[in-house]
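Morning, everyone. Please have a look at the model on the screen. I'll go through it piece by piece.

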Amino acid sequence: MSKYTEQQANPVIESSLRMWREQGPLLRLEGTVCPGCKKKFFPPRYVCPICHTQEVLIFRFSGTGTIANVVSNQIPQISLLGFGEHIPRYIATIELDEGPVILGEIVDVDNADLVVKGARVSSVFRKGARSVNGSWTYIYKFILG
Amino acid sequence: MKERVVVLGSHALPKPGNNKIDKSFKQLVVEACYGAIEDAGISPLDIEAASFSYFGEGEIGHGGIGPTLVDALGLAPIPSYTNSANCASAHIAFLNGCDMVQSKRYKYVLVCGFDKHTDLISLENYMISSDSMYDYSLGMSHIDYLLLSAEYFKQYNISPAVQQAAMVRFAQLMRENAYCHPIASMYGQPVPTSTQIENMFFSGNVLSAGEGASAVVLALESIAEDTKNPKVYVTGTGHVSTSQYAAHRYHPELLYSDQVRNYSSNFAEAIPLELACKKAYEEAGLTSDDIGILGVYDQAVNHFLSIEASGICQKGQAPQFIIDGKGDLDGVCAINTDGGNIARGHAGGGASMYQIIEISRQLQGRAEGKQINSSVQYGMSTVPGGFYSTAASVILSKV
């Protein structure tokens, strides 16, 4: 068979490089902190939007925080994303103890009544979605307590 | 003082809430652009530059969209610019077109937004409207942002009864407007009863995603002395870019200038859009009291946030505004007279141009659906893109 007939019409290969490059934030909840105004950022920023220095430093967040808002997602659409086996999912905005509000999923929920605004949470390391290239991604999520 | 821009001609393809599997994106763009050129009463050879908008190369599977479309339109070698700003893309192309004619480098500028999402089946193309690394890769997408918008009702302590009544009435209003509008995807479709709408997901307040294209031809007022159509002017514009990461909405200190860093902020307010509207009002020398027709991005509760961001009513009051009929065709300020994203349909990269075209034609007295009162002199089109990461506002006038 000619090599030309083996050409893929729409070759899209999901590289692992991005997940590797972002391992600090995604696996260790590393953001950045401005040494000048002490403002902390997550996801990491590479320039402080307050004082505009580029000399920001890596800062590892404690992973503890409080739910600012939460919803229970039971919509089948998310099965398309590779999260179909995790329904219902609790998607929350979480105010970390160090300041930033981030988006995160609350997992290992035994009692849904406890997943409310104001509840304390802490970060855990969990499996994420499966990449198109077949490998699993690993990311931060949150549990109550 | 900048010379005003005139919308010389416009054309929107029908049923943007439906897919057009028999047509390529080139065909959609050619049809919309030549419709707008004909409507403007000029020759294609008069077009000196173009601005295009879409949802990006990742959605249509085609790069170099500027030259591709200029060539498809038979307009090469005119210069072209492209942008993709999520659902706000077409407004940004429109603003870009205004800047192009106001620079006086180009007399006639063609602006077109389009959407084609059935050539590449990307399963979940909504990833392009979120931060793909820190929202999407964690499994959060559009649908979660919709659900988080429930924060709006909590913040303003809106009772469940008022929530339900407002959502149902808005969904009905969009379908009523679309029923008479031949461009709308729900044109001629009977309006469901309140009970039927109550049983729909989000009480019928979900946009109808589809494919289409919309185009306008712009020129300066001094160039467009003798126009084929009644003149409609761009009298004010506003454009704000903030952050694609949704949780940044809780951090106004990171996103806004010193004047507004003290805003409280969360998912219950559309502050970027409020800023864009404020800029547009300042440029036009108008207030919200002057606006008689409003185009908003309708989906979930975004229409309530957008009505409030435009200043048409106070924060937390939009649901009652809708229940009271103040957004009806004969109300205080007619909202989405073509049925909006919900019933007209939402062809992403061109969607918000449909709003501009609808308001332009209403002000010109040549509405394709029901005509608003001829005493209305000013209209405003607003749109957020990527969960308010981009926000834009355009004020149109017939005086």
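Confidence in chain A is lowest, by element, in helix α1 (residues 17–21), with a mean pLDDT of 89. The highest mean belongs to strand β3 (residues 57–60) of chain A, at 98. Here pLDDT is the predictor's confidence in each residue, from 0 to 100. Helices (H or I, at least four residues) and strands (E, at least two) are DSSP runs, numbered from the N terminus. Over chain A the average pLDDT is 87, and 87% of the residues score at least 70.

Two notes on conventions. This is a predicted model, where local features need pLDDT of at least 70 and side-chain atom pairs count only at pLDDT 80 or more, while totals for chains, interfaces and linings use all residues. Residues are numbered from 1 along each chain as its sequence is written, and chains are lettered from A and ligands numbered from 1 in the order in which they are written.

Now chain A. Its secondary structure is two helices and eight strands. From the N terminus the order is α-α-β-β-β-β-β-β-β-β. Of the 145 residues in chain A, 30% are buried. Buried means 20 or more other C-beta atoms within 10 Å of the residue's own; exposed means 12 or fewer, and partly exposed is in between, with C-beta atoms placed from the backbone.

What is the strand order in the three-stranded open sheet of chain A? The order is β2-β1-β3, with antiparallel pairing. Strands β2 (40–41) and β3 of chain A stand at the edges, each with a single partner strand, so one side of each has no neighbour in the sheet. Pairing requires at least two bridges found by DSSP between two strands. Strand β1 (residues 30–33) of chain A meets that with β2(A): two bridges, antiparallel.

A:K38 sits between β1 and β2 of chain A. Phi of A:K38 is positive, about 70°, though the residue is not a glycine. Is A:K38 buried or exposed? A:K38 counts as exposed, because 11 C-beta neighbours lie inside 10 Å. Next, the peptide bond from A:F42 to A:P43 is cis, with omega near -5°. A:P43 is in the loop between β2 and β3 of chain A. Why point these out? Most residues other than glycine have a negative phi, and most peptide bonds are trans.

Domains next. Chain A is assigned domain 1 (19–60) and domain 2 (62–145); such bounds come from an automatic or database domain assignment. Eight residues of domain 1 of chain A are in contact with 12 residues of domain 2 of chain A. Contact means C-beta atoms, placed from the backbone, within 7 Å. On the domain 1 side, α2 (23–28) and β2 of chain A are the elements giving two or more residues.

On to chain B. Its open sheet has 10 strands, in the order β3-β2-β4-β5-β1-β6-β10-β9-β7-β8, with mixed pairing. At the edges stand β3 (80–83) and β8 (334–335) of chain B, each with a single partner strand, so one side of each is left without a neighbour in the sheet. Strand β7 (residues 291–295) of chain B runs parallel to β8(B), joined by two bridges. B:L294 has B:I335 as its bridge partner in β8(B).

Now two helices of chain B. The axes of α4 (residues 89–102) and α14 (residues 348–364) of chain B come within 5 Å and cross at roughly 65°. Axes are lines fitted to C-alpha atoms, for helices over the stretch in contact, and angles run from 0 to 180 degrees between N-to-C directions. From α4(B), the residues that meet α14(B) are B:S89, B:A90, B:H91 and B:F94. Among their partners in α14(B) are B:G349 and B:I356.

Last, the loops of chain B. A cis peptide bond joins B:A76 and B:P77, with omega about 10°. B:P77 lies between α3 (65–72) and β3 of chain B. B:Y388 is in the loop between β9 and β10 of chain B. This tyrosine has a positive phi, near 70°. B:Y388 counts as buried, because 32 C-beta neighbours lie inside 10 Å.

That's the tour. Thank you.

Conventions
Two residues are in contact if their C-beta atoms, placed from the backbone, lie within 7 Å.
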